[in-house]
Amino acid sequence: MKSKNYSDLDREIIVLSAVWDLVDAMVHYGHFEKGHRLEEATLVFKASECSQVFIIMLADFLSLPRPGTFGLKHRSGVGSLAKTYLGNLVDICATPHLGGKTSPLLSSARAFADWLDGAVTVENVWLPSIEREGRITVQRFNYLRICGTASKHGFTRLGDVVGRIQQVLAENGIAVDEGQGYLVIPDFQEWFRENVFLASSTMIAFFLNEIRWGSSNIFSRNSSVLTSQNSKGIFRPIDTTCRPRSPTR
């Protein structure tokens, strides 16, 4: 079968559509309670299942398309811009083909990348499966990918996650072998999915919503190219004036 050649415009539409769909699937009132404030907002998940679906989809967002998919290019370098869709969005803003205002999308993508590349420190982390306690500092991108992937798959498909957990613990002075790495997954999830992620979820939703609004500046001038997901009844839970209560997590 002949492979299709995709133009730069094709790839731009594909990336924007993929990001739009992922954000719409995460940030909506099916996951969050209504009634939040617009300034100093705090979003609350309706149920634990909602938070788990959210972080699973977030892990997909914080990934790259498989090599060769639609001819999409991967960035070189380090950091979340080279590991996620955010780099594709920044590249689109550098050489846009659809037109529209790209500065809101560029600033929102870079802001989220900067936040993801930062680290969070948790004191007195108790890991009962290996009987260790101490301070753990981990890059936000890493713990979100670990927690999202571990929430999605059974333990027989978590070899890569175990390797990442081993690396995180080693960087914090805790050496574990592969078997201990598997045992510590539930402990890691309890600390970083059930505590750190939930405390940061408002900030994450804010970043994602800013990216959605930035994308809408491009789509608004090209409605015939890609129809807004509003036609499917998707809510917009956060207004452009919404600011999270706790931006430091």
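Buried, in this talk, means under 20% relative accessible area, exposed means over 50%, and partly exposed is in between, with a 1.4 Å probe and protein chains only. Hello everyone, and thanks for coming. What you see is a predicted model, where local features need pLDDT of at least 70, side-chain atom pairs count only at pLDDT 80 or more, and totals for chains, interfaces and linings use all residues. Residues are numbered from 1 along each chain as its sequence is written, and side-chain values use heavy atoms, with hydrogens and water left out.

Let me start with Arg11, which is buried at a relative accessible area of 17%. Which residue does Arg11 form a salt bridge with? The partner is Asp8, and the closest N and O atoms are 2.4 Å apart. For a salt bridge, we ask for a side-chain nitrogen of Lys or Arg within 4 Å of a carboxyl oxygen of Asp or Glu. Asp8 itself is partly exposed, with a relative accessible area of 41%. Both residues sit in helix 1 (residues 8-26), three residues apart, about one turn of the helix. Helices here are DSSP runs of H or I with at least four residues, strands are E runs of at least two, and both are numbered from the N terminus.

By this rule, the count of salt bridges is five. Another of them joins the side chains of Asp24 and Arg212, at 2.6 Å from N to O. Asp24 belongs to helix 1 and Arg212 to helix 8, so this pair ties together parts that are 188 residues apart in sequence. Asp24 is buried at 3% relative accessibility, and Arg212 is buried, at 3% relative accessibility. Then there is Glu194 with Arg193, whose closest N and O atoms are 2.7 Å apart. Glu194 is partly exposed at 30%, while Arg193 is buried at 15%.

On to the nonpolar core, by which I mean a set of buried Ala, Val, Leu, Ile, Met, Phe, Trp, Tyr and Cys residues joined through side-chain atoms within 4.5 Å. The largest one has 66 residues, and those touching the most other members are Phe54, Phe61, Leu86, Phe112, Tyr143, Leu144 and Leu208. Which helix gives the most to this core? That is helix 8 (residues 185-219), with 13 residues.

Have a look at Phe61. Leaving aside residues up to four places away in sequence, its contacts include Val19, Leu22, Val23 and Met26, along with Thr84, Tyr85, Leu86, Phe112, Leu208 and Ile211. Contact here means heavy atoms within 4.5 Å. Phe61 also forms one aromatic cluster with Tyr85, Phe112, Trp115, Phe206 and Phe207.

How many aromatic pairs does the structure hold? There are 14. Rings of Phe, Tyr and Trp (its six-membered ring) pair if their centres lie within 6.5 Å; planes under 30 degrees apart are stacked, over 60 edge-to-face, and the rest tilted. Tyr143 and Phe192 make a tilted pair, 5.7 Å centre to centre with 45° between the planes. Since Tyr143 lies in helix 5 (residues 140-152) and Phe192 in helix 8, the pair ties together parts 49 residues apart in sequence. Tyr143 is buried at 0% relative accessibility, and Phe192 is buried at 1%.

Last, the cysteines. The structure holds zero disulfides, with a disulfide taken as a pair of cysteine sulfur atoms within 2.5 Å. Cys93 is buried at 9% relative accessibility, and Cys147 is buried at 0%.
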